[in-house]
Every structure is written in C-alpha cells, then in structure tokens.
Amino acid sequence: MPATPPPQPASEPLARLLLQWGVAPPPSLPVAERLGGWLGWADAIGLSQVLATAPATACNDAAHREAQDWAGAALERLQVELAAAFDDALLARESAEAAPDGVPLADLLAPYRLHHAQQQRGMAARIATLRERLRPRLAESSGALARLAQLDALFERAIVAQERALLGSLTALLTRRAQAHHAADPRRWRVRFWADLQRVLRAELDLRLQPVQGLIEALHDDAPR
C-alpha cells in the first residue's frame, strides 16, 4: 500500500497574508467594472453571445454523477501533488543552516527565486489543464452547466494576462522580505525566508484553485434531485 502523504499546513488567503506584510489592497471596484477593463472587444462579443443564448434544459444524470466523482478525485490529487512539490528538501536543509560569509544576497536568493518560478509555472500549467478537462464534463451534465463551462473558458482567456502580472509581482515582494530578514539576522535569515516562501506558495495555490473549486461547487449544486 502506498504511503499516505503527510498533511500539508493550512493555507491562508493571499490578500490577508499580503496585508500582514504591509501590502495595502488595491482600491475596491465593482466586479462588472473590473471585468469591463479586462475584456477585449472579442471577449465582450463572445460574452454577449453566450448570455443571449438560453441554456438547454436537458440533464444527463449519469454524466453528472460521473463528473462529480471524477472532479473531486482529480482536484484532491492535484492539490496534494502541487503542495508536496513546494517543499524542496535541499533548499529546506540549506535554509536551516547559517548563511555562508562573503556571498552576495542576490546569489543566495537565486535558488529560492528559481524554486518560486518553477512552482508558479507548475501551478499555472496543471490547474489550467484540470480546468480545461473539467469543462467538457460540465457541458455533458446539463444545459446550465454547459453555459457555465462556456463562460469559464471565456473569462479564463480574458484575465490570464492580469493574473500572470499580479502573481508575478510576488517575486519582488519576496525579495523585499528576504532583504528585511537578512538585515535583521545576516546569518539565520534563510530559515525565516523559507517559511515566508512556503506561506506564499500555499496561499497562491489556494487562489489559483478558486475557479476550479467554483466549477465543482456548481456541479454539486446542479446535481439531479
């Protein structure tokens, strides 16, 4: 029997974590206004067409149940695998040791930046794949879920650049955290920074998974009675 993976620490909302670190949230805007700024003209036309078409009323109960079972298992598996990849054994061991003398901070930061970038790419690619595989299963379940799948595909295309830019800015924030830890303790700063990086990755995973979790919740809410 395969070993059960160790439980992962609970994630925390990324917005709350950033607030704890002194990053003020951007001005709050209505959802429609924010989407209006992100949608291109082609996306806006596609959205109009989807909303103007009444969803079919047919429901495939067997496909619905199969989609529920598949989606729940796929999400759980992905969460476990991505979270396990966050904990690099070599980096964790080096972080617990005193930093070597005479090495520039930028050089000591390089492996952490690389690890963060690799995890971001992995999360983005694998979550996008799950989302893409989930949509056809929704479409086969009911007319309402088919429309939701269309909307999800449209919004994913519309906001991918915004998401990449916003989450990409975490690199600069982590650099500032490293600089602050280094200034406070030049020898033992890495263990605190490694903890910060783990918190950011868990919070980022939680944020990235929200669209998938929303689709799965809709799949359960629309279940045959």
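The model is predicted, so local features need pLDDT of at least 70 and side-chain atom pairs count only at pLDDT 80 or more, while totals for chains, interfaces and linings use all residues. Residues are numbered from 1 along each chain as its sequence is written, and side-chain values use heavy atoms, with hydrogens and water left out.

**Overall fold**

The protein has nine helices and zero strands, and its pattern along the sequence reads α-α-α-α-α-α-α-α-α. Helices (H or I, at least four residues) and strands (E, at least two) are DSSP runs, numbered from the N terminus. Of the 225 residues, 35% are buried, where buried means under 20% relative accessible area, exposed over 50%, and partly exposed in between, with a 1.4 Å probe and protein chains only. Among contacts with a separation of 6 or more, 86% are between residues 24 or more positions apart; contact means heavy atoms within 4.5 Å.

**Helices α6 and α7**

The axes of α6 and α7 are 8 Å apart, and the two helices pack at an angle of about 170°. Axes are lines fitted to C-alpha atoms, for helices over the stretch in contact, and angles run from 0 to 180 degrees between N-to-C directions. The two helices are therefore roughly antiparallel to each other, on a scale where angles under 35 degrees count as roughly parallel, over 145 as roughly antiparallel, 65 to 115 as roughly perpendicular and the rest as oblique. On the α6 side the contact is formed by Q120, A128, R131, R135, L138, A139 and S141, which meet L145, A146, L148, A149, D152, A153, E156, L167 and G168 of α7. The residues of this contact divide into nine nonpolar, three polar and four charged. In this division Ala, Val, Leu, Ile, Met, Phe, Trp, Tyr, Cys and Pro count as nonpolar, Asp, Glu, Lys and Arg as charged, and the others, Gly among them, as polar.

| Residue | Helix | Relative accessible area |
|---|---|---|
| H115 | α6 | 4% |
| H116 | α6 | 3% |
| R190 | α9 | 7% |

Neighbours within four places in sequence are left aside in the contacts that follow. H115 touches A85, F86, D88, L91, W194, L197, Q198 and L201. H116 is in contact with L170, T171, L174, L197, V200, L201 and E204. H116 and L201 are 85 residues apart along the chain, yet their C-alpha atoms are separated by 7.7 Å.

R190 lies in α9, which covers residues 189-221. The contacts of R190 are E94, S95, E97, A98, A99, P100, L108 and Y112. For R190 and A99, the separation is 91 residues in sequence and 7.2 Å in space, C-alpha to C-alpha.

**Cavity and pocket**

On a 1 Å grid over the protein atoms alone, a cavity is a set of points where a 1.4 Å probe fits but cannot get out, and a pocket is an open set with protein on both sides within 12 Å along at least five of seven lines; lining residues have an atom within 4 Å of a point. Grid points are joined across faces, edges and corners, and a volume is the space filled by probe spheres set on the points.

One cavity of 30 Å³ or more is counted, and the largest cavity holds about 60 Å³ of space. Its lining consists of L109, Y112, R113, H116, T171, L174, T175, F193 and L197. At least two lining residues come from each of α6, α8 (170-184) and α9, and α6 gives the most, with four residues. By type, this lining has five nonpolar, three polar and one charged residue.

The second largest pocket has a volume of about 380 Å³. It is lined by 16 residues, of which A124, V160, E163, R164 and R208 are the closest to its centre. The elements that give two or more residues to this lining are α6 (105-141) and α7 (143-168). The most come from α6, with eight residues. The lining of the second largest pocket divides into eight nonpolar, two polar and six charged residues.
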